[in-house]
Amino acid sequence: MKRRHWTAEQKLQILLEAEKEGITATIRKHGIYSNTFYQWKEKYDTGGIDALASKHYKVDPELKRLQKENQQLKEMLAEKELALRIKEELLKKSTAKKRTGS
C-alpha cells in the first residue's frame, strides 16, 4: 500500500469526522490504521493543529545534487591542501639539509 502524506488540516478533518461518524467507520473510509488515528488524536489533544503538521520536508533534487557536488569539491580541496602541505614540509627538510650538509 502506498504511503499517504496528510496535511494538518486533513488530519483535523478526519479527527472531527471520527467524532461524528465513529472511529472505525472513519479510519476504514480513509484507509488509515487505528494506531495512526490515535497518534494524531494525542498530538492534537496536546499541541493543537500545529502538532499535526508533518515534520517531513521533501528535498529538492537539484539541492541534493548541489550538496553532493559541494561535498565532493570540499574533499578535493582538502586533498590538494594536504598534498601542498606535504610538499612544503619536504621542501623545508631538503632546504635545511642543504644548508647544514653542504
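Student: In which helix is the place of L90?
Tutor: L90 sits in helix α5, where helices are DSSP runs of H or I with at least four residues, strands are runs of E with at least two, and both are numbered from the N terminus. Please keep in mind that this is a predicted model, in which local features need pLDDT of at least 70 and side-chain atom pairs count only at pLDDT 80 or more, while totals for chains, interfaces and linings use all residues. Residues are numbered from 1 along each chain as its sequence is written, and side-chain values use heavy atoms, with hydrogens and water left out.

Student: Is L90 buried or exposed?
Tutor: L90 counts as exposed because its relative accessibility is 53%, given that buried means under 20% relative accessible area, exposed over 50%, and partly exposed in between (1.4 Å probe, protein chains only).

Student: OK, changing topic: how many salt bridges does a search of the whole structure find?
Tutor: The search finds four, a salt bridge being a side-chain nitrogen of Lys or Arg within 4 Å of a carboxyl oxygen of Asp or Glu.

Student: Which residue meets E17 in a salt bridge?
Tutor: The partner of E17 is K29, with 3.2 Å from N to O. This pair links distant parts of the chain, since E17 belongs to helix α1 (residues 8-21) and K29 to helix α2 (residues 23-30), twelve residues apart.

Student: And is E17 buried or exposed?
Tutor: E17 counts as buried, because its relative accessibility is 19%, whereas K29, at 59% relative accessibility, counts as exposed.

Student: What about D45, which residue does it form a salt bridge with?
Tutor: D45 pairs with K41, and the closest N and O atoms are 3.5 Å apart. Both are in helix α3 (residues 34-47), and because they are four residues apart there, about one helical turn separates them. K41 counts as partly exposed, at 32% relative accessibility.

Student: Where do R65 and E69 lie?
Tutor: Both lie in helix α5 (residues 61-101), four residues apart, which is about one turn of the helix. Salt bridges that share partners join R65 and E69 with E62 into one network. Between R65 and E69 themselves, the side chains meet in a salt bridge at 3.1 Å, N to O.

Student: How accessible is R65?
Tutor: R65 is partly exposed, with a relative accessible area of 42%, and E69 likewise counts as partly exposed, at 35% relative accessibility.
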